[in-house]
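Colleague: Before we begin, could you show me the sequence and the structure, so that I can ask how the descriptions of it were reached?

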Amino acid sequence: MKKIFTLTIFLFLALISQKTVAQNYTRAAGIRGGVFSGFVYRQYITENERAFEFLINAKDWKQMSFTALKLQFEPAPNSMSDNFWFGYGYGAHVGWDYSDNYTLLFNKFYYEDKAFSPIIGADAYICLEYRVHEFPLILGIDYKPYFEFSTRQFFGMSICEMSFNIIVQF
């Protein structure tokens with residue numbers, strides 16, 4: 001865990017030290033914290049409005065997923081600042097789970113032994129971001145409900161996955 005934290009800090013400092021040009025950023029990368037923590041990479045298609053976002057999420061390293069999202073950004077409605085942006089989109093994920101239990105409708109079910117299970121699913125995405133114009137920095141919170149299919153638990157769903165993001169634009 002200490003190595004991952006050190007690598008994240010190094011990545012953050014390396015990206016923030018890059019030469020930036022006004023506000024014409026084409027890429028962004030950062031970290032995502034929450035139940036499913038991980039890394040974020042964003043590639044803008046148009047200037048600050050549309051983007052593809054790629055997530056690598058892990059939960060105790062026993063469950064991991066790779067997510068691709070297509071996002072649309074707009075200035076936040078009724079905002080007192082130009083820095084608040086609202087984003088929404090959709091995508092899909094693939095990954096794996098290695099455990100001896102699953103939860104269905106708030107009930108936990110257990111197997112006799114741990115087993116590997118591939119996962120595939122669909123995601124929705126909503127976020128609120130604060131873009132610091134003086135620095136190439138984005139602070140945000142997001143909500144990403146999803147449903148998925150796997151071999152151990154045929155159908156799974158999460159409607160309460162929220163996280164915070166610290167993203168550096170370059």
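Colleague: In which order do the elements of the chain run from the N terminus on?

Modeller: This is a predicted model, and from the N terminus on, its elements run α-β-β-β-β-β-β-β-β-β-β. Counted up, that gives one helix and 10 strands in the chain.

Colleague: Why is glutamine 63 called buried?

Modeller: Glutamine 63 has 15% relative accessibility, and a residue is called buried when that value is under 20%, so glutamine 63 counts as buried. Glutamine 63 is found in strand β4, which covers residues 63-75.

Colleague: What is glutamine 63 in contact with, if its neighbours within four places in sequence are left aside?

Modeller: With those neighbours left aside, glutamine 63 is in contact with Phe36, Asn57, Ala58, Trp96, Asp97, Ile119 and Glu148. Contact here stands for heavy atoms within 4.5 Å.

Colleague: And what makes tyrosine 146 count as buried?

Modeller: The reasoning takes the same cut-off, under 20%, and because tyrosine 146 has 12% relative accessibility, tyrosine 146 counts as buried. Tyrosine 146 lies in strand β8, and, when residues up to four places away in sequence are not counted, tyrosine 146 touches Phe36, His93, Ala122, Asp123, Gly156, Met157, Ser158 and Glu161.

Colleague: How many residues apart along the chain are tyrosine 146 and alanine 122, and what separates their C-alpha atoms?

Modeller: They are 24 residues apart along the chain, while their C-alpha atoms are separated by 5.7 Å. For the chain as a whole, among contacts between residues at least 6 apart in sequence, 50% join residues at least 24 apart.

Colleague: Why is phenylalanine 155 called partly exposed?

Modeller: Phenylalanine 155 has 34% relative accessibility, whereas buried requires under 20% and exposed requires over 50%; the value lies in between, and therefore phenylalanine 155 counts as partly exposed. The place of phenylalanine 155 is in strand β9.

Colleague: Which residues form the nonpolar patch on the surface?

Modeller: The patch is formed by Ile56, Phe66, Val94, Ile120, Phe147, Phe149, Phe154, Phe155, Met157 and Ile159, which together have about 970 Å² of accessible area. Two or more residues of this patch come from each of β8 (146-150) and β9 (155-158).

Colleague: What can be said about burial and exposed area over the chain?

Modeller: Of the 170 residues in the chain, 38% are buried. The chain exposes about 10600 Å², and carbon and sulfur atoms supply 67% of that area.

Definitions and conventions:
Residues numbered from 1 in each chain as written. Predicted model: local features only at pLDDT ≥ 70, side-chain atom pairs only at ≥ 80, totals over all residues. Heavy atoms only, no water. Helix = DSSP H or I, 4+ residues; strand = E, 2+ residues; numbered from the N terminus. Buried < 20%, exposed > 50% of the residue type's maximum accessible area, 1.4 Å probe, protein only. Areas by Shrake-Rupley, 256 points an atom, 1.4 Å probe, with all protein chains shown as cover. Patch = residues over 30% accessible without salt bridge, like charges linked within 9 Å, V, L, I, M, F, W, Y side chains within 5 Å. Salt bridge = Lys/Arg side-chain N within 4 Å of Asp/Glu carboxyl O.
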